[in-house]
Amino acid sequence: MSSSLEFNKLAAGVLCGGLLLMGVGKFAGVLVHPEHLETNAYTVELPEGGATAAAAPAGPAPIEPILGLLASADPASGQKIAKKCAACHDFTKGGPNKVGPNLYGVVMAAKGHHADFSYSDALLSSGENDHWSYSSLNHFLKKPKDYAPGTKMGFAGIKKASQRADLVAYLRTLADSPAALPTAEEIQAAEDAFKAASGG
């Protein structure tokens, strides 16, 4: 009996303490009326354009060029890599378009060169030129959705430059007369542009 009475006293004390704290909080709110400042009491000086420069996105990272790799690239390895693409693309001369266009003769061909295939506007207007140069293919194969935002192609891309070079070397063989390999000047220009874009 006495133990339950002690418990009741303890519970009543805790309850009264809580009510007292709530009452004090309400009373303090009546006494104090905080005023919000119209301007900050302390201002932080930023260099001109500093905030916008920090907030501006850096843009996509530069893509390692493959022009210098093409002469020694392995078309047989590229053919194995191309098996990932075979569900959507045909590689044979005169072969059909599938979900994606036939890729025979694609190297140096105009974007949208198959009149019987419905290319997306995103793809047709993508990149720095209107044909599938080695550089265009390199950029596209790295990450199609970065190269042609809005493209219907769902392929994630190929990260390694050497694998992209092998695949492009294979695509180059799929032609009646393969496109000329890049010149030493073109290779050097691509390397210089990559270094400049990378900050090196």
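Contact, as the word is used in this report, means heavy atoms within 4.5 Å. The model described here is predicted, so local features need pLDDT of at least 70 and side-chain atom pairs count only at pLDDT 80 or more, while totals for chains, interfaces and linings use all residues. Residues are numbered from 1 along each chain as its sequence is written, and side-chain values use heavy atoms, with hydrogens and water left out.

**Overall make-up**

The protein chain has eight helices and zero strands, where helices (H or I, at least four residues) and strands (E, at least two) are DSSP runs numbered from the N terminus. Of its 200 residues, 28% count as buried; here buried means under 20% relative accessible area, exposed means over 50%, and partly exposed lies in between, with a 1.4 Å probe and protein chains only. Among contacts in the protein chain with a separation of 6 or more, 52% join residues 24 or more positions apart. The chain exposes about 13600 Å², of which carbon and sulfur atoms supply 62%, the areas coming from the Shrake-Rupley method with a 1.4 Å probe and, for residues, only the protein chains shown counting as cover.

**The core and helix H7**

The largest nonpolar core has 32 residues, and those with the most contacts inside it are Phe91, Leu167 and Leu171. Such a core is a set of buried Ala, Val, Leu, Ile, Met, Phe, Trp, Tyr and Cys residues joined through side-chain atoms within 4.5 Å. Helix H5 (134–142) and H7 each supply at least two residues of this core, and H7 gives the most to it, with seven residues. Leaving aside its neighbours within four places in sequence, phenylalanine 91 is in contact with Ala82, Cys85, Ala86, Leu103, Tyr104, Tyr170, Leu171 and Leu174.

The buried residues of H7 include Ala161, Arg164, Leu167, Tyr170 and Leu171, and what covers the buried residues of this helix includes H3 and H5.

| Helix | Length | Span, first to last C-alpha | Expected span |
|---|---|---|---|
| H7 | 13 residues | 19 Å | 18 Å |
| H8 | 15 residues | 21 Å | 21 Å |

Just after H8, glycine 199 takes a positive phi of about 80 degrees.

**Salt bridge and loops**

The structure holds one salt bridge, a term for a side-chain nitrogen of Lys or Arg within 4 Å of a carboxyl oxygen of Asp or Glu. Aspartate 176 forms this salt bridge with lysine 93, the closest N and O atoms being 3.0 Å apart. The pair links distant parts of the chain, 83 residues apart, with aspartate 176 in the loop between helix H7 (161–173) and helix H8 (184–198), and lysine 93 in the loop between helix H3 (75–81) and helix H4 (121–124). Aspartate 176 counts as exposed at 61% relative accessibility, and lysine 93 is exposed as well, with a relative accessible area of 56%.

Methionine 108 is found in the loop between H3 and H4. This residue has a positive phi of about 75 degrees although it is not a glycine, and at 37% relative accessibility methionine 108 counts as partly exposed.

**A nonpolar surface patch**

Leu15, Leu19 and Met22 make a nonpolar surface patch of about 360 Å². Patches are made of residues with over 30% relative accessible area and no salt bridge, like charges being joined within 9 Å and nonpolar side chains (Val, Leu, Ile, Met, Phe, Trp, Tyr) within 5 Å. Methionine 22 lies in helix H1 (residues 2–31) and is exposed, with a relative accessible area of 60%.

Methods: The expected span of a helix is 1.5 Å times one less than its number of residues.
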